[in-house]
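Hi,

Here is the structure I said I would pass on.

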Amino acid sequence: MEVVIIGGSDAGIAAALRARELDPSAKVTVILKDAYPNFSICGIPYYLSGEVANWSNLAHRSREHLEGLGIELRTEARVTSIDTQGHRVQYQLRRGSHEDVHWDRLIIATGAAPVSPPILGLAAAQQNGRVYFVHTIDDARSIMDAIQRMAARRAIIIGAGYIGLELADGLITRGIAVHQLEALPHVLPTIDPEIARLLEPELVAKGVELATGTLATSIETTGTSVRVALSTSNTDRPGLAIGDIAIVVTGVRPETGLAVAAGATLGAAGAIWVDRRMQTGIEGVFAAGDCVITHHRLLGETYLPLGTTAHKQGRVAGAQAVGNSGEEFDGIVGTQVVKVFGQVIARTGLTEQEALAAGFKPASAITVADDHKRYYPGAETLTIKITGDRSTHRLLGVTMLGSITSAIHKRIDVAAVALSTEMTIERLMDLDLAYTPPLGTPWDALQIAASQWLGEIGASDRRPNGIGSLHDRA
């Protein structure tokens, strides 16, 4: 069995590892366009901050380790075409020569590419070495080189999503002033607005010059700076941002050109359509990762590129490629978390607006609760928004914000499990969760939020009617 995988990031390497695990006799070849198989792109902000000392530390596994597992790597190779009739992949090496390889099963894991926003002069500014996208290890190394070469003291970040905020944290940590621009009215556009806005004072307190509702309209470079012209309805804000470098992080789009040319069908957001076995509909061809649609437990078919999802999809694709037809992708609930300075914000499931658009009858309640018993030193408050279906009380989504010490990630994972098993909000309150005064409260903060939802939206006969009674039970 000859398995060829196009792409060597999360999905591609997960597929290769699973294929070799299930069928050690399979010949597994991974073709990737750069020289960095199995690197953590999610770790780039922490390399730029200096918290990760060397870019090479971002490797999940070394090349030698992967090859020792029997995986053949063809690096710095750009795939030019897929022949589905002859079962061959053609590619061009960086040195210019053309080669091809035969496949019995093919896995497309081409990932996603950064969205280039319509900013006048952006392409030219990139060529001048002061404006960067951040998506690959080469991007990270180029940015680090520019920071060191210019002794950069000021950076402009265009975009305030997850990666944009992590970059702001990282550059401030490094001692670089940050002017951050976001076209939408609040940071983290995929987070409930009421919770996302609560994070903004943390950014400002740490020194970020934050401008929401602000569009970058044009960009130009000089010998000593990059200048971004701004459009905003706020007359108190300057119409120009000036920095030593600018970094653009305005989202990604699926890389589908090769798959489309081979005959693949597209689905949500123009991503490659796959079924739960990661089959594309082309005989012997699978796809996984940021280039494909996502099966969401509450939404059905959507597009939500996440590293955790890519690993799982790749694993299924690898199993299917070597004939283990029993494995399927189980779907996601959209769980995400990000650290921004001393705060952590997380979400899982649907926001209220998403739930309404999906045909539910959503209702939400916002709760403030302690992360552990107030009498034990260091207690912090969490803000939790719970969204449930008004008719059935099914849990639909949770968003929360709190201190880095408050186990936000643990609590959002509990909510993710509840969503995955289609719990009602009453059932969430029944969960037997851990408690000790330094780490929690007898009713966990998430359960206190559930009680508040029931008290405000639809009280249960089986539970105290409202949050106050739970707070009093210590």
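Before the notes, one cut-off: a residue counts as exposed when its relative accessible area is over 50%, as buried when that area is under 20%, and as partly exposed in between. Also keep in mind that this is a predicted model.

I'll start with backbone angles. As a rule, most residues other than glycine have a negative phi. Two residues here go the other way.

Glu422 isn't a glycine, yet its phi is positive, at about 55°. You'll find Glu422 in the loop that links α11 (408-420) to α12 (425-430). Is Glu422 buried or exposed? Its relative accessible area is 51%, so Glu422 is exposed, because the cut-off for that class is over 50%.

His87 also has a positive phi, near 55°, and is likewise not a glycine. With a relative accessible area of 22%, His87 is partly exposed, since buried would require a value under 20%.

Next, the surface. Which residues make the nonpolar patch of about 340 Å²? They are three tyrosines: Tyr375, Tyr376 and Tyr435. Of these, Tyr376 lies in the loop between β23 (362-370) and β24 (381-389). Its relative accessibility is 37%, so Tyr376 falls in the partly exposed class.

Now for the empty space. Rolling a probe the size of a water molecule over the atoms shows where such space is left.

How many cavities of 30 Å³ or more turn up in the whole structure? The search finds 1. The largest cavity holds about 30 Å³ of space. Its lining includes Gly289, Asp290, Val292, Ile293 and Thr294, along with Tyr303, Leu304, Pro305, Leu306, Thr309 and Gln313. Sorted by class, that lining has 6 nonpolar, 4 polar and 1 charged residues.

Cheers

Notes: Residues numbered from 1 in each chain as written. Predicted model: local features only at pLDDT ≥ 70, side-chain atom pairs only at ≥ 80, totals over all residues. Heavy atoms only, no water. Patch = residues over 30% accessible without salt bridge, like charges linked within 9 Å, V, L, I, M, F, W, Y side chains within 5 Å. Areas by Shrake-Rupley, 256 points an atom, 1.4 Å probe, with all protein chains shown as cover. Salt bridge = Lys/Arg side-chain N within 4 Å of Asp/Glu carboxyl O. Helix = DSSP H or I, 4+ residues; strand = E, 2+ residues; numbered from the N terminus. Buried < 20%, exposed > 50% of the residue type's maximum accessible area, 1.4 Å probe, protein only. 1 Å grid on protein atoms, 1.4 Å probe; cavity = no way out; pocket = protein on both sides within 12 Å on 5 of 7 lines; lining within 4 Å. Points joined across faces, edges and corners; volume = space filled by probe spheres on them. Nonpolar A, V, L, I, M, F, W, Y, C, P; charged D, E, K, R; others polar.
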